[in-house]
Amino acid sequence: QLALVESGGGLVQPGGSLRLSCTASGSSLELYAVGWFRQAPGKGGREGISVISTRSGGTNYAASVKGRFTISRDTAKNTVYLQMNSLKPEDTALYFCAADYWPHTGDFRSLRQVDFSSWGQGTQVTVSS
């Protein structure tokens, strides 16, 4: 059973940076696609912002974060990262990582919540001066 734990959230000023980590246990992430989602305060639903196919290294980003956020993986540490730069107040949200079994060599590109079966508990990111 795959378990995911997020870390690295916190309070940062506009224009600042944070790096979130998603560490897995119970299974290797090498056969999974791992995505990052966020849920803004007072809003229903989770926005998919980035995904990485850990086997191929292929990535996909939502338009709202493209060019500012970078997803990467360290298979030795069984961890996926989300480097967030040029943060804005509208990036304030609870950030979740999620995974779905993807043993294929092609890229998993979905950013839809329903396409991910395992979820972490989330880490809060607040962007404020």
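Strands E1 and E3 pair in the antiparallel sense over 5 bridges. Strands, like helices, are DSSP runs numbered from the N terminus (H or I for helices, at least four residues; E for strands, at least two). Two strands count as paired if DSSP finds at least two bridges between them. Within this pairing, Ala3 stands opposite Ser25 in E3. The model is predicted: local features need pLDDT of at least 70 and side-chain atom pairs count only at pLDDT 80 or more, while totals for chains, interfaces and linings use all residues. Residues are numbered from 1 along each chain as its sequence is written, and side-chain values use heavy atoms, with hydrogens and water left out.

The E1/E3 pair belongs to an open sheet of 4 strands. The strand order is E1-E3-E8-E7, and the pairing is antiparallel. Strand E1 (3–7) and strand E7 (69–74) stand at the edges. Each has a single partner strand, so one side of each is left without a neighbour in the sheet. Neighbouring strands of this sheet are turned by 20° against each other on average, direction ignored. Here axes are lines fitted to C-alpha atoms, for helices over the stretch in contact, and angles run from 0 to 180 degrees between N-to-C directions. Strands of a sheet pair through backbone hydrogen bonds, either parallel or antiparallel.

The structure holds 1 disulfide (a pair of cysteine sulfur atoms within 2.5 Å). Cys22 and Cys97 form it, with their sulfur atoms 2.1 Å apart. Cys22 lies in strand E3 and Cys97 in strand E9 (residues 93–101). The pair links distant parts of the chain, 75 residues apart. The torsion about the S-S bond is about 65°, so the disulfide is right-handed. Cys22 is buried, at a relative accessible area of 0%. Cys97 is also buried, at 0%. Buried means under 20% relative accessible area, exposed over 50%, and partly exposed in between (1.4 Å probe, protein chains only).

The structure holds 4 salt bridges. The criterion is a side-chain nitrogen of Lys or Arg within 4 Å of a carboxyl oxygen of Asp or Glu. Arg38, Glu47, Arg68 and Asp91 are linked in a network of such bridges. Glu47 meets Arg38 at 2.8 Å, N to O. Glu47 is partly exposed, at 30% relative accessibility. Arg38 is buried, at 7%. The side chain of Arg38 also meets that of Asp91, again at 2.8 Å, N to O. Arg38 lies in strand E4 and Asp91 in the loop between strand E8 (79–84) and E9, so the pair ties together parts that are 53 residues apart in sequence. Asp91 forms a further salt bridge with Arg68, the closest N and O atoms being 2.8 Å apart. Arg68 sits in the loop between strand E6 (59–61) and E7, and this pair is 23 residues apart. Both Asp91 and Arg68 are buried.

Leu31 is found in the loop between strand E3 (18–25) and strand E4 (32–39). Leu31 is partly exposed, with a relative accessible area of 35%. Contact means heavy atoms within 4.5 Å. Leaving aside neighbours within four places in sequence, Leu31 is in contact with Thr54, Arg55, Asp100, Tyr101, Trp102 and Pro103. The C-alpha atoms of Leu31 and Leu82 are separated by 19 Å, and the two residues are 51 residues apart along the chain.
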